[in-house]
Amino acid sequence: MIKKVEKSSQFALFLLFVVTVAIFGIINPDILTRASLFSLARTCAVPAIFALAIMIIMVIGELDMSFCMIGAFASYSTMHFLTEREMSNVSIFLVFLMSIAIGVVLQLFNWVLVDRLRLQSFIATLGTQSFLKGTILAFVSSSYIYKLPASVNKLGTWYLATASYSSGVASQLPGAIIFTLLMYVALYLTLEHTNFGRQLYAVGGDADAARRAGINVSRVRFFAFLIVGVICGVGGVVHNSLGRCSLPMPTDLVGTELTGIAAVVLGRGSQMHAKGIAIGTLLGIVLLQFISNNLIMIGIPTYYQSFVTGAIIFAGLVMQMRQRGGLLKVLRKEVHAE
Amino acid sequence: MKNIVTIKDMYKSFYGAMALNGMNFTVNEGEVRCLIGENGCGKSTMIKVISGFHGFDSGELQINGKTYRKITPAESIAEGIQVIYQDFALFPNMTIAENIMMYSTVAGKKAHINWKEVRQRAVDTLHKIKFEIDPDIYIADLNVAQKQMVAICRAIVQNAKLLIMDEPTTALTTKEVERLFSIVRQLKSEGVSVLFVSHKLDEVIEICDSYTVMRNGEDVYCSNKGDSKLTKEEMVFYMTGKKFDSQTYHYEQTDAQPVLELKELTMEPTFRNISLKLHQGEILGITGLLGCGRSELAEALFGLRIATGGQIEINGKDVGIFKNVDDALRCGIAYVPEDRLTEGLHLAQSIADNSISRIVRNYANCFGVLRIKALRSKQTEGLNSMSVAGMVPQNPANSLSGGNQQKIVLIKWLASNPDILILNCPTVGVDVGAKNDIHRIVRDLARDKGVGVIIISNDMYEIMQTCNRVLLMKNGMIDQEIQTSEATMDALEELAAAD
């Protein structure tokens with residue numbers, strides 16, 4: 001059992017995570033307090049959901065640059081619609097439902113581009129991103145939303161526990177983290193233990209081989225994009241509900257795509273084995289958020305943040321490569337590629 | 001005897017081009033049938049009709065006694081037909097066990113995956129063909145022969161009644177081929193039929209009970225189990241409709257300066273102390289088993305690998321060791337690589353542009369602007385120098401079949417008028433007709449233009465067809481030198497295989 005874990009693609013990432021946490025913890029023990037962990041959970045909740053979206057897309061061997069925009073679009077237009085109609089008492093389920101519906105429609109648009117029109121997903125979804133950004137600003141609204149539905153505010157202030165730093169500042173564990181965790185569990189089980197999940201991996205491994213195995217590749221991609229649409233819809237609402245002082249803005253998630261992609265790249269391992277990517281992605285996002293959250297607490301100015309994050313990503317990739325049989329060997333292989 | 005697949009008078013065309021033109025074909029229970037034919041003769045189309053990837057225009061398709069007007073891939077699999085494609089269609093990101101069971105998993109339609117059962121059934125199947133390997137290894141970490149074994153396991157786990165193998169031996173070593181054949185025989189004894197699609201006539205003769213020869217979309221020869229076997233020459237005749245005479249290349253030894261001389265060329269650890277002389281107009285073969293260092297030697301002679309010791313002399317002048325490809329080009333060396341798909345051609349570019357890619361830099365003026373008119377005429381000149389079937393100069397290079405692609409690679413190199421031509425396995429995966437064309441071109445080059453040619457190959461037919469002299473390599477050293485006029489193909493093969 002232990003050997004199996006050691007051999008898995010995510011083990012190197014796990015080691016990196018432990019080492020990073022240990023180093024940060026030694027420099028400033030405050031980082032390992034309950035309050036700090038609650039704050040980490042809060043910052044992870046939304047990026048972790050969006051990382052799941054890009055994870056599914058990358059499992060089927062594509063890339064999506066529009067998932068953050070779609071999340072923002074789905075949630076913002078839902079909020080906008082509800083505020084305009086002054087429907088501030090609608091249930092949270094309806095809010096989610098509307099946002100999910102919009103997210104699904106938009107992701108299925110991506111499916112049409114990628115599967116039906118056979119466009120390159122990276123380029124096509126960049127187009128989607130730009131197109132949606134324009135659409136929302138031109139046709140929906142371009143301003144902040146000041147008054148969210150009550151149920152959304154309630155979700156944002158639903159706390160599971162509270163703790164305070166030594167300085168006395170309070171930190172709460174948001175209830176929305178439950179959504180995130182449930183989604184991870186559900187997708188982990190789907191990917192590792194269901195026929196459909198294996199078909200997702202199969203399509204990503206080799207779409208032609210999948211076709212020959214009798215897999216309906218278009219259908220698998222359709223459901224993949226559909227699930228991603230659901231994730232984007234949920235992610236958008238959770239993002240807006242946890243926004244606190246930052247009010248919903250049409251395009252406020254755009255620009256965070258690379259965090260999700262980095263988490264998945266770290267999480268799937270350099271060998272891209274069809275195994276444990278959900279665990280890896282969660283580890284990846286927690287690691288990245290942990291660093292950006294706590295850098296300032298070990299005395300490193302925030303403008304070094306991207307620098308350190310980038311360095312950690314390199315470290316993760318190199319460690320995984322070493323696991324594969326030595327970095328030098330890999331480099332040599334690349335030079336003498338036959 | 002029961003027929004598994006029967007095809008009668010089948011027609012199928014793609015955009016007006018006839019792929020199947022009145023094809024008749026049967027496979028009986030428990031036989032190893034071979035399907036041979038040149039590239040583009042419709043073999044793959046027929047396989048794809050049987051496996052459900054193509055429909056057909058008219059004719060009859062019967063599988064296990066049931067007549068199909070159109071068969072889907074899933075139905076074909078359900079009828080017990082399994083195809084092992086050249087690329088194996090395995091999932092590199094999954095383990096051996098999961099790959100073996102993937103088809104059954106998909107077909108089983110059960111939502112939940114029972115990993116214990118998947119692993120157990122995979123282990124049982126691996127056991128059945130006596131393939132000892134850890135089922136938890138990922139496909140990406142396997143070599144070609146191992147992948148093939150996995151593909152075979154995947155086919156038999158589904159109770160295949162007919163196993164179709166498309167060019168299964170192309171990338172295997174002699175030992176691996178023997179192993180494959182013993183598995184094929186074992187399957188046959190268990191009542192599984194095998195359809196063996198291959199270019200390699202020796203292998204076909206060794207393994208098959210019966211043959212169907214295809215030409216231009218129809219069957220031109222069909223034998224049944226127990227019929228007398230065809231000779232190689234007869235097979236070639238049926239495949240191409242032409243008779244080829246086999247003779248060795250005649251070369252008069254002269255005392256002139258060798259164009260290329262190697263002195264103790266060494267590249268640890270793959271080859272060492274290679275000394276040889278190549279004269280103008282001579283065709284020298286270098287052969288040996290896979291891994292004997294022949295390919296590496298070829299690459300060292302073109303600066304793709306850097307030798308660690310020894311020296312190279314061109315026309316009597318010491319040029320040291322090639323450090324890069326430019327060094328070799330300056331010495332007038334041309335190199336036709338083993339893998340034309342990734343190393344020989346710009347597949348997505350037009351045939352015409354490929355034909356001048358070696359010399360295009362000579363056609364630029366001092367500002368780097370190309371003299372288009374001169375280039376165009378050079379393109380036409382090059383492309384007219386060989387007969388390349390079905391060629392449209394403006395089409396991309398990947399529109400051509402393997403043999404014709406190889407001709408374009410030759411045209412590209414000959415445009416620079418090289419003094420020395422090195423061919424590394426020039427006809428792997430090339431059909432017989434094109435193969436003979438290429439051999440003729442090489443012989444003409446040496447005889448008429450005085451080019452010194454080195455052919456690296458493990459195809460003894462090729463060596464006998466083209467070379468006047470052959471060097472046998474073993475474990476990185478030259479084992480012996482043989483004059484082809486004094487040898488036979490069988491003798492060469494025996495020498496190469498002997499330890």
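In which hand, left or right, does α4(A) pass α5(A)? In this predicted model, the crossing of α4(A) past α5(A) is right-handed. The two helices span residues 67–84 and residues 92–116 of chain A, respectively, and their axes come within 8 Å of each other, crossing at roughly 140°. An angle over 145 degrees would count as roughly antiparallel; at roughly 140°, α4(A) and α5(A) are therefore classed as oblique to each other.

It is worth a look at the residues that bring this pair together. On the α4(A) side, the contact is formed by I70(A), G71(A), F73(A), A74(A), S75(A), S77(A) and T78(A). Facing them from α5(A) are V95(A), M98(A), S99(A), I102(A), G103(A), L106(A) and Q107(A). By residue class, the contact of α4(A) with α5(A) comprises seven nonpolar and seven polar residues, with no charged ones.

Turning to chain B, the fold contains 17 helices and 20 strands. Its radius of gyration is 25 Å, close to the 23 Å that the globule rule gives for 499 residues, so chain B is as compact as a globular protein of that length.

Of the 499 residues of chain B, 46% are counted as buried. Where contacts in chain B link residues at least 6 apart in sequence, 70% of them join residues at least 24 apart.

Key. Residues numbered from 1 in each chain as written. Chains lettered and ligands numbered in written order. Predicted model: local features only at pLDDT ≥ 70, side-chain atom pairs only at ≥ 80, totals over all residues. Helix = DSSP H or I, 4+ residues; strand = E, 2+ residues; numbered from the N terminus. Rg over C-alpha atoms; globule rule 2.2 N^0.38 Å. Buried ≥ 20, exposed ≤ 12 C-beta atoms within 10 Å, placed from the backbone. Contact = placed C-beta atoms within 7 Å. Axes fitted to C-alpha atoms, helices over the stretch in contact; angles between N-to-C directions. Parallel < 35°, antiparallel > 145°, perpendicular 65-115°, else oblique. Left-handed = near helix turned anticlockwise from the far one by under 90°. Nonpolar A, V, L, I, M, F, W, Y, C, P; charged D, E, K, R; others polar.
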